[in-house]
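Please keep the sequence and the model in view while reading.

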Amino acid sequence: MKNDVRMRGFAERVDVEVVEAYLADEARPLERESVGLLDCVGRVLAEDVTAAVDVPGFPRSAMDGFAVRGEETFGASTYDAIRMKVVGLSLPGNPYAGAIGAGEAVRIMTGAPVPDGADAVVKAEVCEERDGFVSISEAVAPRKNVGAIGEDIASGDPVLSRGRRLRPQDAGLLSSIGRSSVECVRRPRVRYVVTGDELLPAGSVPAGSQIVDSNSVVLRGLVSRDGGESMPFEILPDVPERIREAMASEDADIVLVSGGTSVGQEDHAPRLLAELGELRFHGISMRPSSPTGIGRIGPRFVFLLPGNPVSCLSAYEFFAGPTLRALGGRGRAWPHRRVHVPLARKIASEVGRTDYVRVAIEQGRAVPLATAGASILSSTVRAAGAVIVPRELEGMREGEHVEVLLYDEEPPPTIDATASGVGQS
């Protein structure tokens, strides 16, 4: 069979850049959906948002004090206070109902509506209230300490643009202009097809010749990071009919196949993908992750990820991750912090092959942990991140400054043993 490469190996391998270009051209944001205000943080906005109201919608006090006519306080000083009659109280949500006249003041709290007739607020610290009157010892100009209508947001103002990944403060702004929901790019649905007679479900204890599935655990974390929605799954035996059924399911936007993707006797996924849709690429010039396959079944993207844990991680980062982010309206770029440090020792590579090299950072230098050993998941735990060696380079020399893609989203905290109580008795 044309696409059956089992036990025959790869006749040729395609360059990483060719695969990336194909995916960048094919992946477009999914359709929009309405998302409730409380669930919109982290989602990508699919509409331009314009305010339909003023915020605030009334003149409000910027501090606790007394609402007055500002010009009536001119000349007030510590030695010559101006005395006004207190005619009422204005609270947030419970404003003073009347209008103030000449020589009158209203006690007011921060955020409360400024009464009709008043145009300034005198701060409480320069006021002394007694027997229904307030003595003001500092002049205040009109509009002083008053938030004007629309001071924050004016009706008709554009406030958020489509394509923005919403932050908590963005959701707060949406709430302030009266939006209960917003149109966002739909989150991509991801189906996992995890295969292998030797696999036990995550959370099991390895026994005999069986190993515990770790790839799905890693992939779920990566999919969550990239804004996808993981669908329920079960580990499948190496039975072609079962794998075919799972791959053909139409309820996902992306299918991630873990295991059974190379050229071994039980590697059925490449042939099945070719029969169900299109196997666009199989075999890529990279290390690790060389057996990765990529194609489509109808509108769904299918990624055949190697079973070896490091290869699975690498293939996801290069190909599946950027595609998932693009479908969800995010940027394709890898979402890693980056640092530039010198190499502690050289990295050997081959021209024509892209290498994903795990490195630790010790004393400000990048220390390569392994260039092989795709099954050693613990190397990614010991690593601070990865260095990508592009295919046009024959390795990197000791002392050369390299870019490290860091696994951690933020630097580790510096623990003060004294402040935290660590080590104290």
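Contact here means heavy atoms within 4.5 Å. Helices (H or I, at least four residues) and strands (E, at least two) are DSSP runs, numbered from the N terminus. The model is predicted, so local features need pLDDT of at least 70, side-chain atom pairs count only at pLDDT 80 or more, and totals for chains, interfaces and linings use all residues. Residues are numbered from 1 along each chain as its sequence is written, and side-chain values use heavy atoms, with hydrogens and water left out.

**Helix H5**

Helix H5 (residues 269-276) is mostly covered, with six of its eight residues buried (under 20% relative accessible area; exposed is over 50%, partly exposed in between; 1.4 Å probe, protein chains only). The buried residues are Ala-269, Pro-270, Arg-271, Leu-272, Leu-273 and Ala-274. They pack against H4, E17, strand E18 (278-282), strand E20 (293-297) and E21.

**Helix pairs**

Two packed helices are described by the angle between their axes and the distance between the axes. Axes are lines fitted to C-alpha atoms, for helices over the stretch in contact, and angles run from 0 to 180 degrees between N-to-C directions.

| Pair | Axes come within | Crossing angle |
|---|---|---|
| H4 and H5 | 10 Å | roughly 50° |
| H3 and H6 | 11 Å | roughly 25° |

Angles under 35 degrees count as roughly parallel, over 145 as roughly antiparallel, 65 to 115 as roughly perpendicular and the rest as oblique. H4 and H5 are therefore oblique to each other, and H3 and H6 are therefore roughly parallel.

On the H4 side, the contact with H5 is made by Pro-240, Ile-243, Arg-244, Met-247 and Ala-248. On the H5 side, the residues include Leu-272, Leu-273 and Leu-276.

In the other pair, Asn-215, Val-218, Leu-219, Leu-222, Val-223 and Arg-225 of H3 meet residues of H6, among them Pro-309, Cys-312, Leu-313 and Tyr-316.

**The nonpolar core**

A nonpolar core is a set of buried Ala, Val, Leu, Ile, Met, Phe, Trp, Tyr and Cys residues joined through side-chain atoms within 4.5 Å. Which residues touch the most other members of the largest nonpolar core? Of its 40 residues, these are Leu-256, Ile-294, Phe-303 and Phe-319. Elements that give two or more residues to this core include helix H1 (16-26), strand E17 (254-258) and strand E21 (300-305). H6 gives the most, with 10 residues.

Not counting residues up to four places away in sequence, Ile-294 touches Val-19, Leu-273, Phe-303 and Phe-319, among others.
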